[in-house]
Amino acid sequence: MRSASRPVPDRAARARLWARVSRWLFLLPALVHLSLFFGYPIVKNVVMSFQDYSVTTFYTGAAPFVGLRNYTATLSADVFWRTLLTTVLFTAGSLAGQFVLGLALALFFRRRFPLGGLLRSLLLLPWLLPLVVSGTTWRWMLDTDSGVVNQALRHLHLLSSGIPWLTGTSEALVSVILVNIWVGVPFNTALLYGGLQDIPAHLYEAAELDGAGRLASFRHVTWPLLRPVASVVLVLGVVYTVKVLDIILVVTGGGPADATQTLATRSYQLSFQQFEFGRGAATGNVLVLVSLAFALVHLRADRRARNS
């Protein structure tokens, strides 16, 4: 009788083993994709940053190990610290504008009104357009002489001479920040609007019965329940904004006088214009560390705010 009952546990063990193997087989394509298109480039970039990797490497295959020389050259360059400051200003300004406007629009669209769904759909257009198209359009609009922005301001008698949106060292950074805000507002609005939809309506009814106005309802009902979504929006905003390349290259090209040069454009310039791939990789790794620092500071501040 004992020997006849042995195959049952064996079949159960094989079934459990096959279930585990099946789960890994389903995950295998995703793991292969992440390894090839994310893991390998990251590892290769780190290795390249410690090598003298140049155009001749593609022909000879030789990329001598140089230790921290690429990082030393990157950090000791005068342009690096200006670029780092520009990256911080560009990221902070873009995040603030995108989040504030996105939250305001999300609160506005929460109310039901005719054609509200259509307007929400049209609001996504700036985010769906290719960044090269958006950058080219804004470069034409912000042209000092023939741009529609300066022409409109002249027509309204708000200025007599054109503002050098793209050629002034201080105006150019403001211009690319405004363009990036225009591109990122729809993304912020969509996520924050989704978060607002999950807040129960009866909480607002209870707050209204207690005599709370709109500001008090936002402070005590909306914001506490929206904070997890807001954290995700801000962290994603940091990741996307700190590596913005297309808009700056198309609108200003990093100029004038490196006024809009960020770590992303600096890495691109070193790698694909000066062909110093080792220094470009080192600058790219610094960019990754800066984005991680942004994200960690925000997450720590958000965790402290929740616990207080």
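## Pockets, helices and ring pairs

The largest pocket is lined by 25 residues, and those nearest its centre are Asn45, Gly284, Asn285, Leu287 and Val288. The model is a predicted one, in which local features need pLDDT of at least 70 and side-chain atom pairs count only at pLDDT 80 or more, while totals for chains, interfaces and linings use all residues. Residues are numbered from 1 along each chain as its sequence is written, and side-chain values use heavy atoms, with hydrogens and water left out.

Let us stay with that pocket for a moment. Its volume is about 790 Å³. A pocket here is an open set of points on a 1 Å grid over the protein atoms alone, where a 1.4 Å probe fits, with protein on both sides within 12 Å along at least five of seven lines; lining residues have an atom within 4 Å of a point. The volume is the space filled by probe spheres set on the points, which are joined across faces, edges and corners. Two or more lining residues come from each of α2 (7-48), α12 (214-242), α14 (263-272) and α15 (277-307). Helices are DSSP runs (H or I, at least four residues), numbered from the N terminus. The largest share of the lining, 9 residues, belongs to α15. By class, the lining of the largest pocket holds 17 nonpolar, 7 polar and 1 charged residues, where Ala, Val, Leu, Ile, Met, Phe, Trp, Tyr, Cys and Pro count as nonpolar, Asp, Glu, Lys and Arg as charged, and the others, Gly among them, as polar.

The second largest pocket has a volume of about 460 Å³. Its lining includes Leu107, Arg110, Arg111, Tyr204, Glu208, Arg214 and Phe218. At least two lining residues are supplied by each of α5 (78-110), α11 (201-209) and α12, and α12 gives the most, with 4 residues. The class count for this second lining is 5 nonpolar, 3 polar and 4 charged residues.

Now follow α14, one of the helices that contribute to the largest pocket. This helix is mostly covered, with 8 of its 10 residues buried (under 20% relative accessible area; exposed is over 50% and partly exposed lies in between, with a 1.4 Å probe and protein chains only). Among the buried residues of α14 are Leu263, Arg266, Gln269 and Leu270.

The loop between α13 (246-251) and α14 also deserves a look. Glycine 255 and proline 256 are joined by a cis peptide bond, with omega about -5 degrees, and proline 256 is found in this loop. Aspartate 258 lies in the loop too; its phi is positive, about 60 degrees, although it is not a glycine. Aspartate 258 is partly exposed, at 29% relative accessible area. Elsewhere, histidine 157 has a phi near 60 degrees, again a positive value in a residue other than glycine. Histidine 157 sits in the loop between α9 (148-155) and α10, and it counts as exposed at 73% relative accessibility.

What about helix α8 (residues 131-141)? Its buried residues are Ser134, Gly135 and Trp138. Seen down the helix axis, they fall within an arc of 95 degrees, so they line one face of α8; the arc is that of the directions from the helix axis to the C-beta atoms. An α-helix has 3.6 residues a turn, so residues three or four places apart point the same way. The buried residues of α8 pack against α7 (125-128), α10 (169-197) and α13, with contact meaning heavy atoms within 4.5 Å.

Finally, turn to the aromatic rings. Rings of Phe, Tyr and Trp (its six-membered ring) pair if their centres lie within 6.5 Å; planes under 30 degrees apart count as stacked, over 60 as edge-to-face and the rest as tilted. The count comes to 15 aromatic pairs. In one of them, phenylalanine 50 and tyrosine 71 have ring centres 5.4 Å apart and planes at 45 degrees, so the pair is tilted. This pair links distant parts of the chain, 21 residues apart: phenylalanine 50 is in the loop between α2 and α3 (57-60), and tyrosine 71 is in helix α4 (residues 69-76). Phenylalanine 50 is partly exposed at 25% relative accessible area, whereas tyrosine 71 counts as buried at 17%. For phenylalanine 108 and phenylalanine 109, the ring centres are 5.3 Å apart and the planes stand at 75 degrees, so this pair is edge-to-face. Phenylalanine 108 is partly exposed at 36%, and phenylalanine 109 is buried at 6%. Ring pairs also link Tyr53, Phe58, Tyr268, Phe272, Phe275 and Phe277 into a cluster.
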